[in-house]
Amino acid sequence: MSDQAEKLRNRIKRQMNGNPSKTIAIISGKGGVGKSNFALNFSISLSKHQKKVLLFDLDIGMGNIDLLLGKSAEKTIANFFTDECSLDEIIQKTDYIDYIAGGFGLNHVIKLSGGRVDNLLLELGHIVYEYDYLIFDIGAGITDELVQLLSSIENIVVVVTPEPTSIMDAYSTMKIISLHVPTVKFFLLGNRMKNEKENKQVMKRLQTVMNSFLNKDSVIIGFLPEDSSISLAVKKQIPFILYKPNSFASKQVQLITSFFLTANTFISIENERNFIEKLKHFLIRK
Ligand SMILES: Nc1ncnc2c1ncn2[C@@H]1O[C@H](COP(=O)(O)OP(=O)(O)OP(=O)(O)O)[C@@H](O)[C@H]1O
Ligand SMILES: [Mg+2]
């Protein structure tokens, strides 16, 4: 049997037996708080539990999963639109995870290539059966389009540092999202925290205002410490969970991974149609 036919047969088999992927978006209010680092290390950590993970770099302005991995993607999401590549062709394989690299100026490309959007939705409909998890690394700041996109993902990790600006911006961002997507589930992650005590203080404050002003529950999933080996790993272009697997930060990522692997409060997509339908609204904007 040809490679192509074999692939198709396997794909159909998986669709008949399989469950669609779980989808998680990593967001923040303020930029530069550690989203991409967490998204990447968390994805690798999931893959170490035999989960098949696709990390989608949707930091459209300046995707940088590539840089953090020390790789240079041959193709990015932009090639899907400009060169009519298939998703299979742009998915980059690594030892642990697969990823789709962010294309510079993707927003612009999407607007120009309406015809390709249908293909993207069609192909994503298959992709959701190929992976256990789809993780989306989202750029900072919130736009109407992003709210639409997040409404199709629903499980949202919000990264917050102890700086008051980061806390305020996280609150404003969650407010906007929850007003538009009432079913959204927020998972709060502290980053660059001194210790557990500081994390608790910050997160409790955030949880309390979320509860009293928005009547919205959120789940505290843990924290990563301020750790110079994280910035060193970034400079060395090696994910910190591989660079220092026994560091406190890596162990915290493992704890958070266990949380997600066993979480029963997790929203899973009932079928791919739900996810794809909502994505359609995001991509096909008037
Ligand atoms: N826990 C930490 N300890 C020390 N340094 C950290 C930590 N987390 C992140 N950093 C530093 O912050 C930088 C920014 O992190 P990252 O690129 O993950 O942020 P981001 O939220 O994705 O940014 P952007 O909003 O631009 O996409 C990293 O390059 C790293 O040097
Ligand atoms: Mg980033």
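How many C-beta neighbours inside 10 Å does Asn215 have, and does Asn215 count as buried or exposed?

Tutor: The model is predicted, and local features are reported only at pLDDT of at least 70 and side-chain atom pairs only at pLDDT 80 or more, whereas totals for chains, interfaces and linings use all residues. Residues are numbered from 1 along each chain as its sequence is written, while chains are lettered from A and ligands numbered from 1 in the order in which they are written.

Asn215 counts as exposed because it has 8 C-beta neighbours inside 10 Å. Here a residue is exposed if 12 or fewer other C-beta atoms, placed from the backbone, lie within 10 Å of its own, buried if there are 20 or more, and partly exposed in between. Asn215 sits in the loop between α10 and β8 (218-225); helices (H or I, at least four residues) and strands (E, at least two) are DSSP runs, numbered from the N terminus. Although Asn215 is not a glycine, its phi is positive, at about 55 degrees. Gln237 is another non-glycine residue with a positive phi, near 60 degrees. Its loop runs between α11 (228-236) and α12 (240-243). Gln237 is partly exposed, with 13 other C-beta atoms within 10 Å.

The crossing is right-handed, the term for a near helix turned clockwise from the far one by less than a right angle, with anticlockwise giving left-handed. On the α9 side, Ile167, Ala170, Tyr171, Met174, Lys175 and Ser178 meet Val202, Leu206, Val209, Met210 and Leu214 of α10; residues are in contact if their C-beta atoms, placed from the backbone, lie within 7 Å. These contact residues divide into nine nonpolar, one polar and one charged, where Ala, Val, Leu, Ile, Met, Phe, Trp, Tyr, Cys and Pro are nonpolar, Asp, Glu, Lys and Arg are charged, and the others, Gly among them, are polar.

Asn41, Phe42, Ser45 and Leu46 of α2 meet Val253, Gln254, Ile256 and Thr257 of α13. By class, this contact has four nonpolar, four polar and no charged residues.

β6 (residues 155-160) and β7 (185-193) pair in the parallel sense over six bridges, with Asn155 opposite Lys185.

Within the sheet, β2 is largely enclosed by the rest of the structure, because six of its six residues are buried. Val53, Leu55 and Asp57 are buried on one side and Leu54, Phe56 and Leu58 on the other. Six bridges pair β2 with β5 in the parallel sense, and three join β2 to β4 (residues 98-100), also parallel. Phe56 stands opposite Phe136 in β5 and has Ile100 as its bridge partner in β4.

α2 returns at the ligand. Around ligand 1 there are 19 residues, the closest being Gly31, Gly34, Ser36, Asn37 and Ser231, where a residue is near if its C-beta atom, placed from the backbone, lies within 6 Å of the ligand. α2, β7 and α11 each supply at least two residues of that shell. The shell has five nonpolar, nine polar and five charged residues.

For the protein chain as a whole, there are 14 helices and eight strands, and 41% of the 286 residues count as buried.

How values were computed. Contact = placed C-beta atoms within 7 Å. Pairing = 2+ DSSP bridges.
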